[in-house]
Amino acid sequence: MKVEIPSGAVYILVLQTLARLGPMHGYGIAQFIQQTTEDVFQVEEGTLYPALQRMLVKGWVKAEWRTTENNRRARYYTLTAAGRKQLAGAVREFRRATTAVERVIEPA
Amino acid sequence: MTQLWRKLNAWRRREVLEAELQEEIEAHLEMKTADLDDPTAARRQFGRTSLVFEDARSAWRWPGLESLWQDLQCGSRMLLKAPGFTTVAVLSLALGIGANTAIFSLVDKLLIRKLPVDEPDRLVVISANRDQGVSTTSNYPDFADYRDRNEVFEGLVCYSQRALTLSEGGHAERIQGMIVSGNYFTMLHVRPALGRGFLPEEDKIPGTHPVVVLSYGLWERRFGADPGVVGKAINLNDYRFAVVGIAPPEFSGTIAGSRPDVYVPIIMLGQVLPSSNPDLLFGPRSSLFGWLYLLGRLKPDVSREQAAAAMAVLGSQIARSHPNADRSPRVGPKFLIEDGSRGHTNLLRDIRFPLQMLMATVGLILLIACANVANLLLARAGTRQKEIAIRLATGARRMRLIRQLLTESVLLSTLGAAAGLVLTVSISGLMVSFTPPNNNAFSSLTLDNRLDLRVLGFALAISLLTGILFGLAPALSASRPDLVPALKDEATVLGKRVRRLNLRNFLVVGQVALSVIVLVGASLCVRSLRNLQTIDTGFDPAKVLVMSVDVGMSGYNEERGRRFYSELLERVQRLRGVEAASLATQIALGDGFGAVMRAEGHVPKLGEDISSDFNQIGPDYFRTMKIPLLEGRDFGQSDTTNAPPVAIINQTTARRFWPGQSAIGQRVIVGSPPYDQARVVVGVVRDSKYRRLTEEMRPAVFTPFLQRYRGDMTLHVRTTGEPATMLAAVRGEMQALDGSLPLYNIKTLEEQKSSSLYTSRLAATLLTIFGLLALLLAAVGLYGVMAHAVNGRRREIGIRLALGAQGHEVQRLVMVEGSAMVAIGLVLGLGGALVATRLVESFLYGVMPNDPIAFGGAALLLFLVASLANYLPARQASRTDPIIAIRC
């Protein structure tokens with residue numbers, strides 16, 4: 001089953017992916033998210049690229065052109081210090097929110 | 001801040017960024033295609049690349065601003081591409097917005113705007129109940145007691161407006177002076193633009209502190225805004241006053257509609273108005289000396305009701321300790337405390353209603369204009385359906401399209417507003433040309449037609465509002481086309497067309513109805529004005545020239561003044577082309593002047609009205625005015641102070657006191673104690689109109705000027721030819737005697753008569769213009785809809801003609817459709833007019849609000865014009881060439 005990504009969550013997913021993989025291009029990020037979430041989340045390109053552009057402008061990631069293993073030119077994104085900070089904060093927020101939701105769903 | 005900086009930086013590099021994104025997306029697609037081994041699927045999954053771009057771009061752009069700019073560019077191009085449409089739309093709006101702005105400009109200045117002082121809402125107008133009804137004025141000693149002994153006002157001021165003569169550098173000019181209590185500026189919290197206001201010690205002892213504050217306007221106009229004027233002395237009514245301050249530019253006194261030039265402390269009354277009655281300051285506390293308006297500033301926690309109660313207690317205390325000299329009842333126990341945030345509004349009494357009526361009318365005009373433009377936009381939306389469908393099909397969002405269409409309509413209305421401002425200037429110029437008669441020395445209504453920021457703001461607001469109002473419906477319906485048929489160029493699919501035409505028909509019906517209402521109102525006012533103009537004045541206003549002069553203000557004493565007037569009359573009477581000439585204090589159909597008058601021995605019952613009109617005149621006045629002398633004799637050169645006091649009365653007075661017998665030789669008492677005087681009646685003249693054309697016949701008494709001197713008189717000259725041609729000669733005689741005297745009220749009695757009807761003429765003229773405007777707009781609307789409908793039905797009409805229908809049959813077919821709209825609109829409009837005109841009943845003279853001639857005339861005019869607007873498209877339809885129509 002595929003689920004629409006809640007708005008805002010795409011930033012966490014992308015930032016976390018970059019934290020895990022190191023420098024990666026857009027296509028790789030999309031593939032990674034899809035595989036790790038076992039196809040639950042599919043990051044549409046229409047969402048991914050605008051999000052990347054916004055993060056670039058915000059300074060959470062930086063980009064450089066490199067060649068892929070298949071010898072293709074692609075733009076690789078790297079997490080910046082600001083991006084790391086943003087990710088830590090966002091994950092904390094997200095944890096708090098999900099814990100709260102879980103408590104409601106399973107009152108033990 | 002850094003975020004904004006980053007964004008600006010990104011925006012600067014937007015072209016590089018865009019190219020990079022383009023390349024990146026291509027790389028993405030390649031990689032995906034390689035993985036999926038299916039380029040079409042890859043592309044499909046990617047979605048619309050254009051949208052991805054659009055979204056991504058917003059990261060380094062200001063989509064709102066940039067698309068607004070795009071919309072504006074695109075809108076301007078669309079408007080330029082359809083010059084006919086744009087012209088009609090902009091003109092419609094210019095008419096609607098211009099008319100509104102012009103009326104608003106006056107309404108705002110006279111009826112809406114509050115005084116430009118601190119917390120105007122705490123200001124209250126104070127009036128007292130006197131022997132006869134409510135009096136808005138107070139005498140000075142009572143005011144001083146109210147001011148010093150009340151506990152409810154933070155401050156209390158009094159003022160009265162008087163004309164003064166300013167003579168500087170050999171040039172004398174009549175200006176408006178405001179005689180004010182010394183605390184005037186302090187209480188209002190008005191800080192002078194330059195210099196200072198009045199000091200407390202300048203308000204104590206009469207005649208000791210000759211100081212004045214100039215209005216900003218006079219300072220600019222007469223003294224070239226020279227700051228050095230403060231501290232200098234100026235000549236007011238032949239007395240030197242030191243200028244201590246300049247009032248701020250936005251402040252124009254506390255009498256709505258007046259524009260005083262100079263503020264003089266009341267304690268200097270004897271110096272600034274040397275001919276005024278000395279009792280005006282410290283005389284008896286009688287209503288006879290009520291000449292001052294009162295304005296108070298309530299303490300923060302005091303309500304108007306509390307103030308009224310407190311003043312009632314104070315008022316009766318004062319009345320007990322100072323009974324009236326003539327034992328007549330004094331200030332009643334009641335005080336009226338009313339809103340004073342706009343100052344005193346008495347001058348607006350006559351103009352308030354016509355202004356409100358005109359404001360409502362221009363509102364209707366604007367609606368008609370909006371309907372017109374909405375109609376045009378709807379028609380255009382029809383022809384633009386394909387363009388809009390293409391945009392929607394290529395991924396434009398509906399909101400975005402609506403915004404673009406609204407931008408276009410707001411652009412249109414802004415253009416309309418700009419063009420309308422030109423019209424505003426000419427309409428307000430026209431309005432100001434209807435000046436109220438002002439022929440006495442007191443306050444006069446000055447209509448101010450200057451445009452200011454508030455008016456421009458109003459024009460802008462109204463244009464935005466109308467842009468959205470008339471743009472919304474077309475934008476909503478245009479952005480919802482059926483894509484498939486629209487793309488196939490089938491813009492006139494039946495179901496669709498009918499729905500849109502219904503809205504357009506509805507608009508036309510509304511336009512017709514609204515313009516009928518305006519037309520009926522206009523014809524009622526025109527008929528009312530006709531009736532007013534044919535009222536018998538009782539005198540002959542044709543060929544009479546009047547001209548006022550006040551020698552008292554130029555330092556003449558009584559002896560010199562008497563000599564001046566007698567020489568003046570002699571010189572003028574000798575002029576060739578002068579039939580008769582005389583003097584009078586009052587000009588007929590002006591503000592008039594009243595006096596108490598009774599027959600000797602007649603004891604008035606409590607509440608009996610013994611007021612009458614009063615005029616001091618020279619010999620030959622009745623011959624000059626052509627008022628028939630019914631009995632007795634006219635005043636002569638022998639009726640001087642040495643002869644017994646005499647009077648001439650009118651028919652109504654004679655009938656009232658001596659019914660059935662001759663009044664000649666009887667005695668009347670003129671004036672109130674202590675100024676009353678017994679006079680012998682030597683003549684009876686026919687009744688005439690004294691103040692207003694619409695007044696009932698009222699008592700009047702005339703006394704000879706030679707028996708009681710006044711410095712301000714008006715020369716009346718009856719000419720044999722056109723009076724205006726004698727103006728230079730008469731003025732020449734005046735100046736030959738003394739060239740430095742300022743002359744005022746220079747006009748003919750015909751002009752006086754017509755200016756006394758200024759509110760009726762203002763309403764009739766403007767309503768006629770607006771009525772014709774409404775008619776024109778509605779006709780354009782009707783024509784537009786019919787022409788468009790005929791165009792849309794070309795094929796159908798072509799088939800009909802090809803199958804043998806005659807031209808006139810087709811013509812009738814189209815005419816019937818248009819006439820149906822006109823008929824419905826006419827019926828609705830006449831019904832609406834029946835309701836609306838009842839509101840203006842009090843304004844009409846000699847016409848019922850449901851006057852059949854006015855209604856019939858309006859209906860007929862509308863029918864004729866509408867038929868023409870209807871006939872033209874119908875004729876065009878009947879001339880359709882069936883071959884061409886069917887082939888297309």
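Strands S1(A) and S3(A) pair in the antiparallel sense over two bridges; strands are DSSP runs (E, at least two residues) and helices are DSSP runs (H or I, at least four residues), numbered from the N terminus. Two strands pair if DSSP finds at least two bridges between them. This is a predicted model, in which local features need pLDDT of at least 70, side-chain atom pairs count only at pLDDT 80 or more, and totals for chains, interfaces and linings use all residues. Residues are numbered from 1 along each chain as its sequence is written, and chains are lettered from A and ligands numbered from 1 in the order in which they are written.

Within this pairing, A:Tyr76 of S3(A) is the bridge partner of A:His25. The open sheet of chain A has three strands in the order S1-S3-S2, with antiparallel pairing. Strands S1 and S2 of chain A stand at the edges with a single partner strand each, so one side of each has no neighbour in the sheet.

Helix H4 of chain A reaches 36 Å from its first C-alpha to its last, close to the 36 Å expected at 1.5 Å a residue (1.5 Å times one less than the number of residues). H4(A) is hardly covered, with two buried residues among its 25; a residue is buried if 20 or more other C-beta atoms, placed from the backbone, lie within 10 Å of its own.

The contact between the chains takes 16 residues from chain A and 21 residues from chain B, where contact requires C-beta atoms, placed from the backbone, within 7 Å. These elements of chain A each supply at least two residues of its side that touches chain B:

| Element | Residues |
|---|---|
| Helix H2(A) | 26-36 |
| Helix H3(A) | 45-58 |
| Strand S3(A) | 73-79 |

The largest share of that side, eight residues, comes from H3(A).

Technical notes:
Two residues are in contact if their C-beta atoms, placed from the backbone, lie within 7 Å. A residue is buried if 20 or more other C-beta atoms lie within 10 Å of its own, exposed if 12 or fewer, and partly exposed in between; C-beta atoms are placed from the backbone.
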